[in-house]
Amino acid sequence: MEVTREPASEFRSRQLRARDMLRGDLEGAELERYVHERVITTTLDRAVSWARGNSIMPATFGLACCAIEMMSMVASRADIARFGYEAFRATPRQADLLILSGRVSIKMAPIVRRIYDQMLEPKWAIAMGACASSTGVFNNYSVVPADKFMPVDVHVPGCPPRPEALVHGVLRLRSMILGDPKLGWRERYGAEGTEEVVGPVAERESGPGADAENVFGPGDTAGA
Amino acid sequence: MPDATGLELLAQEIGKHEPDAVLDTIYFRERGTILVDPAHVRAVMDVLRDAGYRFLSSVHGVDYYPDEPRLGVLYELLDMESLDRLTVKLRVDTGAPEVDSVVDVFPTANFQEREIYDMFGVVFRGHPELRRILMPEDYEGFPQRRDFPVGGEPVIFTYNQNKVPHYTE
Amino acid sequence: MLRSYLPAIVFLGLGTLVGLAFATLNTVLGPSRAVKSKQDPYECGLPSEVQEGFRFGISFYLVAMLFILFDIEVIFLYPVAVQLKAFGSFALIETIVFIFLLAVAFVYVWRRGALEWK
Amino acid sequence: MSTPPRIRDRPEDIDLAPAGQQLEAAPEEQLLTINFGPVHPSTHGVLRLLVTLEGEVVRDLSPIMGYLHTGIEKTCEDKSYWKVIPVIERMDYLAYYFNAMAFCGAVEGLLGLEVPKRAQYLRVIHLELNRIMSHMVWLGTGGLELGAISIFWYAFRDKETILDLFEMSSGQRMHTRYFQVGGVIEDIPPGFEEKVRAFCAEMPRRVDQIEAILARNEIMLQRLRHTGVADERTLLGHGVTGPLLRAAGNPWDLRKAAPYSSYEDFDFRIPVGTVGDNYDRFRVRLAEVRESVRIVEQALDGLPEGPFMVEDRKVALPPRHELGTSMEALIHHFKLVTEGYRVPPGELYYAIEGPRGELGCFVRADGSGKPARVHMRDPSFVNLQAFRDMVADGYVADLIATMAMLDPVLGGVDR
């Protein structure tokens with residue numbers, strides 16, 4: 001999902017037109033087009049996703065060292081309140097962003113998945129740090145990367161990533177929400193039809209996930 | 001730290017109470033270690049506790065993989081008055097990893113013995129609730145033994161791994 | 001006669017309208033997918049074993065009752081406090097009697113030990 | 001069907017006892033066993049407490065851990081000695097310099113290395129700054145639990161200054177891998193001393209500010225005094241060390257009892273509490289921050305000149321400029337970089353004073369380039385055993401206050 005960025009020239013011309021409009025010397029068809037551009041084109045969807053993108057409530061979900069950097073992201077220096085994200089909710093019912101800050105062990109993975117399921121739609125997930133994105137420094141029997149058990153929208157690299165890096169990750173998520181307001185994560189990742197259908201591959205009907213067969217045999221990853 | 005002679009005196013004193021408890025004494029880097037027969041560890045702990053080592057700072061397990069008996073349990077004792085540290089070591093075989101628990105003498109050993117059971121499989125007789133503490137309750141195998149694979153993800157960086165069969169073997 | 005009540009009715013209408021809007025807007029705009037684990041009660045990430053018919057202790061109800069009792073008392077004081085000068089000294093005496101009556105109730109509750117948590 | 005007996009008529013049914021006793025006589029109330037689970041704002045990470053409640057009173061509690069078990073000790077057995085340090089630092093993620101110091105101390109003991117004086121002083125400066133940072137994070141999150149939300153911003157403001165100092169001296173904010181077996185990696189850059197002195201001049205005023213806000217605060221006094229009390233005997237029985245034990249009156253501090261890394265050159269006092277309740281723990285930690293500032297100042301004043309790394313080429317990388325000229329330096333460099341140094345067989349337990357108590361590192365070397373066993377004796381893991389005695393028969397609110405003052409770091413507990 002590529003974030004489209006406006007060419008600089010077009011941005012410059014918009015600025016000039018806004019200045020003319022403010023000075024009041026924009027009339028006739030020019031003024032008509034200007035108003036049309038501003039007011040009419042915002043569909044309800046874009047307005048709602050604008051509101052949703054700017055007021056995401058992360059769930060307090062500190063796992064390990066990245067949680068300390070997540071806390072200093074909320075603190076005064078790299079302040080996330082500038083973008084409306086500082087209301088950390090304790091219960092998954094009121095949160096719509098799950099920041100996986102730290103290493104997820106095999107004992108914790110089912111709990112993280114249950115928290116993610118108990119969050120209300122629309123919900124997003126950020127895998128913060130190398131341990132959540134891949135197993136990072138600890139490639140051993142007890143650490144599970146986040147993508148193995150839940151859909152992750154933004155991976156923030158670093159061990160632990162600086163608070164500014166996490167703020168950048170959150171802003172990329174915001175521009176993603178503004179740009180593509182598809183809400184369910186299955187629509188976002190073309191995973192319709194992969195609802196937990198138990199049974200061998202042949203029975204599943206030909207959805208996008210139908211041909212996904214598990215590369216690792218049972219016991220291949222030795223407990224990962 | 002008990003110097004070499006102090007260590008020998010301590011070993012003899014234990015010998016008086018428990019005749020064949022002390023198997024060996026090692027003095028390495030100004031640090032004394034007493035190798036104890038697993039059957040007598042409870043009694044030796046009582047003797048050392050009366051001798052002033054009233055604080056047990058750490059209990060940890062070691063897997064001496066190549067040489068038998070394989071599993072070792074180490075008790076780090078500390079005498080707060082005379083600032084002495086002493087290590088009591090015992091070696092147990094994986095066939096019958098049975099040791100008496102010292103929880104009633106030193107309550108601090110509760111969680112640490114559970115961790116040794118969880119990671120090495122040494123069963124502590126008399127422990128109030130000997131179950132797994134760090135791994136999930138239904139996990140098979142003792143992860144920190146030397147023959148347990150480190151595990152982890154076989155990292156594959158090709159995007160068409162299911163098209164090229166047997167890539168992962 | 002109706003004219004003088006118009007502001008109150010409009011205010012009531014607007015109030016219910018905004019209230020209803022907040023209640024229904026979520027279900028209208030937001031997507032809803034009933035996943036099984038979303039229905040479960042949230043107990044810090046674990047499946048909760050608390051049975052349905054769990055009876056809370058009596059002390060909770062006791063504290064709740066006392067709170068309601070003295071909270072309503074304060075609510076009655078607000079209209080008086082707002083228009084004290086208009087009512088004059090009559091309202092002052094009336095309020096003192098009102099507070100005294102409830103003070104008697106408070107002392108009774110206090111002496112019976114219902115304020116200490118069991 | 002006989003008419004039911006009229007309750008009012010029988011005198012024994014009317015009970016005039018004060019309401020308080022009546023409740024006692026109430027039938028055995030239903031005990032609620034509930035998970036104070038891994039995902040809870042006040043458990044400082046992923047600690048799960050299985051709490052049995054009777055109304056508001058905590059009857060029984062059993063901590064369940066392992067939700068952050070990362071198999072660090074198993075991973076260390078698979079790494080060569082100098083690669084173990086980054087893995088070990090991520091264990092107790094609030095005291096990363098202490099983890100590295102414990103491991104380096106153990107390996108230096110096995111190798112019989114003598115760390116140069118300047119390296120010891122640099123280590124002391126970074127250890128004490130890290131202790132202040134760890135106490136500031138405890139203060140910030142502990143304040144959140146007790147409702148003092150704004151304390152979080154006060155405490156994290158000072159934490160950011162310390163992380164800037166770490167970034168200046170070692171290149172990264174957390175898990176800096178600044179300590180190395182035999183000394184430190186890099187000498188401190190010019191200008192670092194002035195910044196640390198400025199911080200040391202400012203920090204006592206910040207602690208005064210925090211104490212002015214919290215120490216006399218009525219809510220804080222109500223929540224912390226005489227709650228979570230634990231006497232010295234049970235604490236010693238449970239193996240508790242650190243600020244919890246010192247708050248109960250026992251001045252046991254490894255920096256004074258068994259001075260390591262030239263702590264004997266500095267004079268500092270050990271704050272000790274009297275009652276052993278949460279308020280004592282709170283004041284002991286704040287006083288420790290002041291003492292650490294004094295240590296850092298003395299260490300800066302007495303910072304000796306000389307090498308920051310041991311001269312022994314078997315362990316220390318030779319400086320870059322020597323590689324061009326001398327053949328031995330090139331061979332040493334090659335040996336160290338490809339395979340790392342080998343430690344003669346032996347076992348050693350090396351204990352230092354971490355921010356939460358005695359942090360010990362047991363290293364067993366089997367002569368190869370990789371440690372055969374690394375075990376970290378973590379203070380939080382042991383201190384959690386005394387948690388049940390502190391909160392039994394107390395209120396749930398005191399459970400949260402005691403957990404805030406216990407300051408467990410789950411990375412160290414689950415290793």
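This is a predicted model: local features need pLDDT of at least 70, side-chain atom pairs count only at pLDDT 80 or more; totals for chains, interfaces and linings use all residues.
Against which elements of chain D do the buried residues of α3(D) pack?

Residues are numbered from 1 along each chain as its sequence is written, and chains are lettered from A and ligands numbered from 1 in the order in which they are written.

**Chain D as a whole**

Select chain D, whose C-alpha trace spans about 115 × 45 × 30 Å along its principal axes. Its secondary structure comes to 18 helices and 8 strands, where helices (H or I, at least four residues) and strands (E, at least two) are DSSP runs numbered from the N terminus. Of the 415 residues in chain D, 53% are buried, a residue being buried if 20 or more other C-beta atoms, placed from the backbone, lie within 10 Å of its own.

**Helix α3 of chain D**

Now select residues 81-89 of chain D, which form α3; this helix is mostly covered, with 7 of its 9 residues buried. Those buried residues are D:Tyr81, D:Trp82, D:Val84, D:Ile85, D:Val87, D:Ile88 and D:Glu89, and they pack against α2, α4 (96-111), β4 (179-180) and β8 (371-377) of chain D.

**From chain D to chain A**

Show chain A as well: 29 residues from chain D meet 28 residues from chain A, two residues being in contact if their C-beta atoms, placed from the backbone, lie within 7 Å. On the chain D side, α2 (72-76), α3 (81-89) and α6 (150-170) each supply at least two residues, and the largest share, 5 residues, comes from α6(D). That side divides into 15 nonpolar, 8 polar and 6 charged residues, with Ala, Val, Leu, Ile, Met, Phe, Trp, Tyr, Cys and Pro counted as nonpolar, Asp, Glu, Lys and Arg as charged, and the others, Gly among them, as polar.

**From chain D to chain B**

Turn next to chain B, where 23 residues are in contact with 30 residues of chain D. The elements of chain D that each supply at least two residues to this side include α9 (232-237), β6 (346-354) and β7 (357-365), and by class the side has 11 nonpolar, 11 polar and 8 charged residues.

How values were computed:
A residue is buried if 20 or more other C-beta atoms lie within 10 Å of its own, exposed if 12 or fewer, and partly exposed in between; C-beta atoms are placed from the backbone.
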